[in-house]
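Visitor: Could you walk me through this structure and show me how to read its features? I would like the general idea each time, and then the case at hand.

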Amino acid sequence: MAIVELKNVAKNYGSQIKGASSSNAVDDFNLVTRDGEFVVLVGPSGCGKSTTMRMIAGLERNTEGEILIGGRDVSQVPPKERDIAMVFQSYALYPHMSVAENMAFSLRLKKRPAEEIKQKIDEAAQTLGIQHLLERKPRELSGGQRQRVALGRAIVRDPQVFLMDEPLSNLDAKLRVDMRAEIVKLHKRLNVTTFYVTHDQVEAMTMGERIVVMKDGKIQQIDTPINLYEFPANRFVAGFIGNPSMNFLPAKHVDGVASGDGYRLSLDAAHRATMASRGAVDVWAGIRPEHLRLSDADATNRIEGTVDVVETLGAVTMVQLSVGEHAVSAQLPGHRKVQLGDTLTLTCDSDKLHLFDSESELAIARESTAAPSAAEA
Amino acid sequence: MNSNRFTNGALGVLAWGVALLIFFPILWLLLTSFKTEQQAFTVVPNFFFSPTLESFKMALAQGSGYWHYAWNSALTAVASTVIGLALAVPAAYAMAFYPNKRTDFLLVWMVSTKFIPAVGVLIPIYLVYSAVGLLDNALGLTLLFTAMNLPIIVWMVYSYFRDIPKDIVEAADIDGASIMQTLFKVVLPLALPGLASTGLLALILAWNESFWSITMTDHRAATLAVYIASFKSAEGLFWAKMSAASVLAIAPIIVLGWFTQRQMVRGLTFGAVK
């Protein structure tokens, strides 16, 4: 267990790899974990999340800044001396060794006594329910079993930090949900500081105590799942977190009302307060599909459009509308009968509305509930 | 269905035809080795004759030196293969797992040295060898064979290493293994089939080599290639004896190839069918 600190960490592949761009793959990364925290790094592919994790592991050297594990600067320390364990997306089990040998490998290298090794393997195998597989080779195991062995290999080491690089991506959907819960349970039990990389925002939201959202090598926001959902710092985070993702409409703001072709949305008092100083400007209005509902044509907040796509999922019905030249999706109750080509009027509560600067795309916070990282010029 | 069968049949005949064409010189060599010199020298090909072991007796006779040459062939082939692998493994390891901007160029450059005709470097190498006393010397020949095969060995070992997922090497790194431990406990066991077939290929290439053996040795370090060439003497050509000697020279490698062909095929197609 340890606190992990990343101070102004950056990675530039420039001189290392042929054809690499000269810009930073990871830029100005700052983060301090709590002891035993579960931190998820999430973002689209190429956002630098895996690079960040590999820098913590020592598989890549950070070209700038400092990485501290338990207060010790490890920037120049090779992976094997960092006291970390890593679970790879491909599992990376040693194919020529049995499950037990795979788990024993690191302990044998440390020349631990045989009894201790056996005891640790038995403990880990029991925790993960793989006692009956110990003599098998990795190729004789299913994907889920390999995943467990990879976790077992990590936990027998009692490391200070766990690193997990998209460990569930190669599993089928159902198994992924099961393993998700299992990893969270395992973390609760072991209480080891864990970094978890994923591109799946659902995984991030369900597993992370704190989530680092990244894009183009830069941190977009670090916060708890619920804060990311309620107070996204910018348009990217707002669109990335939440499923289905948020609708964005370009709107003209005049006197507390944001409107455009086919929609008119009035701001709540707190939003009016911040917008008062900006006056008549262009903004992005963001509304989550789950906050939209059907209403009358004379509602204060209204979005009018024709139905393009209807997806009946049972519990809910997903509808996509053409509003002017924009697409808006809405999550309606499952019992609503909606036909293609219908003209619908939707509404939402003003306090569910998000506003973003049309230039910088940063969130325009409400006066009193400003999220800490939401920059407000 | 029917036309499919016909195509398969035609392809089968073609394959047998090509195989026979390739095999024919060896067959003829084998037949000639059991003939007398008179029979061997006839203009009209002669498939039916009463076989004699006379040529083999001559070729193996005391004073023919077969065992001396065979020993040199075996020694230089094995030694050059062992040294080659010992040098190639670390080189390939670095290039496969820690590539940099120049790795691709380096590989191509290394293999491109094989494009140079051997005659082109004969004079300088001969002069250097002569100056340092490596002419007609088993060590000198071993070094030449090693240098000759090294690019191919590095290239092959590199491609086998590349087939090992980098994650596995990184996992070993994180698990606390040193580079040597990673190499011996993880990478080499996984690349063993590939290493075996690379070693066999190097062995065969060195065993079969004739240009350098004939030019750089005289008797002391001479290999079977020199022995075979010696039958083309001033007194004339001795077809039957030369054939017998050739059969004796290629027999060990054919036997070795026969016993290891499964290993060879597995190694050579290792990456392709994984």
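Visitor: How many helices and strands are there in chain A?

Guide: Helices (H or I, at least four residues) and strands (E, at least two) are DSSP runs, numbered from the N terminus. Chain A has nine helices and 20 strands. Its C-alpha atoms fill a box of roughly 75 × 45 × 40 Å along the principal axes. Bear in mind that this is a predicted model, in which local features need pLDDT of at least 70, side-chain atom pairs count only at pLDDT 80 or more, and totals for chains, interfaces and linings use all residues. Residues are numbered from 1 along each chain as its sequence is written, while chains are lettered from A and ligands numbered from 1 in the order in which they are written.

Visitor: In what order do the six strands of the open sheet in chain A come?

Guide: Two strands pair if DSSP finds at least two bridges between them. Here the order is S6-S7-S8-S3-S9-S10 in chain A, with mixed pairing. The edge strands, each pairing on one side only, are S6 (84-87) and S10 (218-223) of chain A. On average, neighbouring strands of this sheet are turned by 15° against each other, direction ignored. Such angles run from 0 to 180 degrees between N-to-C directions, with axes as lines fitted to C-alpha atoms, for helices over the stretch in contact.

Visitor: Which helix packs on the sheet, touching S6 and S7 of chain A?

Guide: Contact between two residues asks that their C-beta atoms, placed from the backbone, lie within 7 Å. Helix H4 (residues 143-155) of chain A touches S6 and strand S7 (161-165), and its direction makes about 175° with that of S6(A).

Visitor: What lies between S11 and S12 of chain A?

Guide: The two form a hairpin with two residues between them, and Asp255(A) in the turn has a positive phi of about 50°. Three bridges join S11 (residues 247-254) to S12 (residues 257-260), which run antiparallel; Val254(A) has Val257(A) as its bridge partner. S12(A) then pairs with S13 (residues 263-266) of chain A, again antiparallel, over four bridges. That hairpin also has two residues between its strands, with Gly262(A) in the turn at a positive phi of about 100°.

Visitor: Is Phe231(A) buried or exposed?

Guide: A residue is buried if 20 or more other C-beta atoms lie within 10 Å of its own, exposed if 12 or fewer, and partly exposed in between. Phe231(A) is buried because 21 other C-beta atoms lie within 10 Å. The residue sits in the loop between H7 (225-230) and H8 (235-240) of chain A. Of the 377 residues of chain A, 41% count as buried.

Visitor: How many residues of chain A are in contact with chain B?

Guide: There are 19, facing 16 residues of chain B. S6 and H2 (99-109) of chain A each supply at least two residues of that side.
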